[in-house]
Structures are given as structure tokens and as C-alpha cells.
Amino acid sequence: ADVVITGQNLKPFMGTVTVASPEGAYVLLDEVGIDDSNGNNNGLVDFDEYIMLDITLENLGSATATTVEATLSATDEYITLNSFSHSWPNIPAGATSMQPAAFAFTVDELIPDQHIVNFDLVITDGTDTWNSTFNVTLNSPVLTVLSYVVDDSYGNNNGRLDPGETADIIIPNLNEGGSN
């Protein structure tokens with residue numbers, strides 16, 4: 001394919017890119033879907049949730065991919081992989097195949113908000129091996145205390161907690177995190 005890149009007041013770049021269809025099957029990750037139906041079902045990966053991954057693979061090659069097997073791995077202290085190997089049916093050349101709940105993991109209950117987990121996916125048909133990667137963001141609440149008020153209207157109403165006095169302490173807060 002010929003490539004021409006131009007811009008105003010710039011010298012155009014002209015080049016050539018070789019485009020070829022791979023011989024045989026060539027399978028890569030196409031899409032990752034989050035299934036948290038066993039949690040709060042909001043489509044996000046939250047703290048203390050069991051997550052299933054709906055995985056779509058695409059065969060970019062010129063032949064049908066048979067006996068496709070994929071293995072998921074991640075080295076992260078905030079998740080535990082529960083199901084990390086899955087088989088796919090034959091994937092014709094140029095087609096995709098989605099497997100619901102192909103993999104599963106559990107998120108720890110104490111995680112930093114917006115922590116990113118890096119996953120590696122190794123796909124094989126027994127002859128060839130292909131590698132794909134993807135990231136998942138973990139969500140947790142981050143509570144911030146805005147102020148506090150001592151309501152001692154049952155006592156002397158001076159706004160301080162005095163000895164022998166009964167009072168309510170009111171603490172308004174704000175959740176700045178990515179999860180309820």
C-alpha cells in the first residue's frame with residue numbers, strides 16, 4: 001500500500017507499507033467484556049467482586065483456526081485468577097468467536113482506586129502461538145472527611161463535647177473513588 005502523509009506548510013511523506021494476509025490461522029484478542037453479574041452488575045470491576053470475562057478472539061489469517069486454546073495470566077496482588085484456561089470452537093478465516101465467561105477472577109476487598117491490572121493472553125492451536133495483552137481498571141471508594149460538627153443541643157449547646165454531655169457528631173464525607 002502506498003502511504004502519503006501531508007499537512008499544511010509541511011513537506012509530504014511518501015512511503016510504502018507491505019500488506020500481506022498471514023498464511024494459515026492467525027488468532028488475536030478482539031474484545032474483552034466485563035461480567036460482574038455476581039456483584040453489583042454495573043459493568044465495572046469493583047472491590048470484592050467476582051468477575052467473569054467474555055472474550056472475543058479474531059482469526060486474521062487465511063485458514064480456519066482449529067483446536068484453539070487460550071490461557072490467561074496476571075501477576076497482581078489485588079486479584080486471584082479462578083478460571084484461566086478456555087477452549088474455543090473452530091474460528092473461520094476473517095471471523096470472530098465470543099466465549100462468555102471464558103475466564104474469571106476475584107478482586108481483593110482492599111484495593112487502591114483506579115489500580116490497573118495487566119493481563120497476558122496466550123492463544124494456541126497446538127502448532128502456532130499468539131500473544132495478546134489487555135488491561136482492566138479496578139474501582140474502589142475513596143472517602144474524604146469534609147468537616148465535622150458537634151451537635152450538643154441536648155446539653156449546653158456550645159458546639160463542644162463537655163464531660164457528662166450527650167451529643168451527636170455529624171461527619172459529612174465525600175466519595176471521590178470509582179465505586180460506591
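Trainee: What makes the set of 29 residues a nonpolar core in this model?

Mentor: The model is predicted. A nonpolar core takes buried residues such as Ile, Leu, Trp and Phe, joined through side-chain atoms within 4.5 Å. The largest such set here has 29 residues. Ile55, Leu57, Trp88, Phe103, Phe105 and Leu121 have the most contacts inside it. Strands E3 (27-35), E5 (50-59), E6 (68-73), E9 (96-107), E10 (115-124) and E11 (129-139) each give two or more residues to this core.

Trainee: Which residues does Trp88 touch?

Mentor: Leaving out residues up to four places away in sequence, Trp88 touches Ile55, Leu57, Val68, Ala70, Ser97, Met98, Gln99, Ala102 and Phe103.

Trainee: How many helices and strands does the protein chain have?

Mentor: Zero helices and 15 strands.

Trainee: Why is the chain called more spread out than a compact globule?

Mentor: Set the value against the rule. For 180 residues the globule rule gives 16 Å, and the radius of gyration is 27 Å, well over that, so the chain is more spread out than a compact globule. The C-alpha trace spans about 85 × 55 × 25 Å along its principal axes. Of the 180 residues, 29% count as buried.

Trainee: Why is Ile171 called partly exposed?

Mentor: Buried means under 20% relative accessible area and exposed means over 50%. Ile171 has 46%, so it is partly exposed. Ile171 sits in the loop between strand E14 (168-170) and strand E15 (173-175).

Terms used:
Residues numbered from 1 in each chain as written. Predicted model: local features only at pLDDT ≥ 70, side-chain atom pairs only at ≥ 80, totals over all residues. Heavy atoms only, no water. Buried < 20%, exposed > 50% of the residue type's maximum accessible area, 1.4 Å probe, protein only. Helix = DSSP H or I, 4+ residues; strand = E, 2+ residues; numbered from the N terminus. Contact = heavy atoms within 4.5 Å. Rg over C-alpha atoms; globule rule 2.2 N^0.38 Å.
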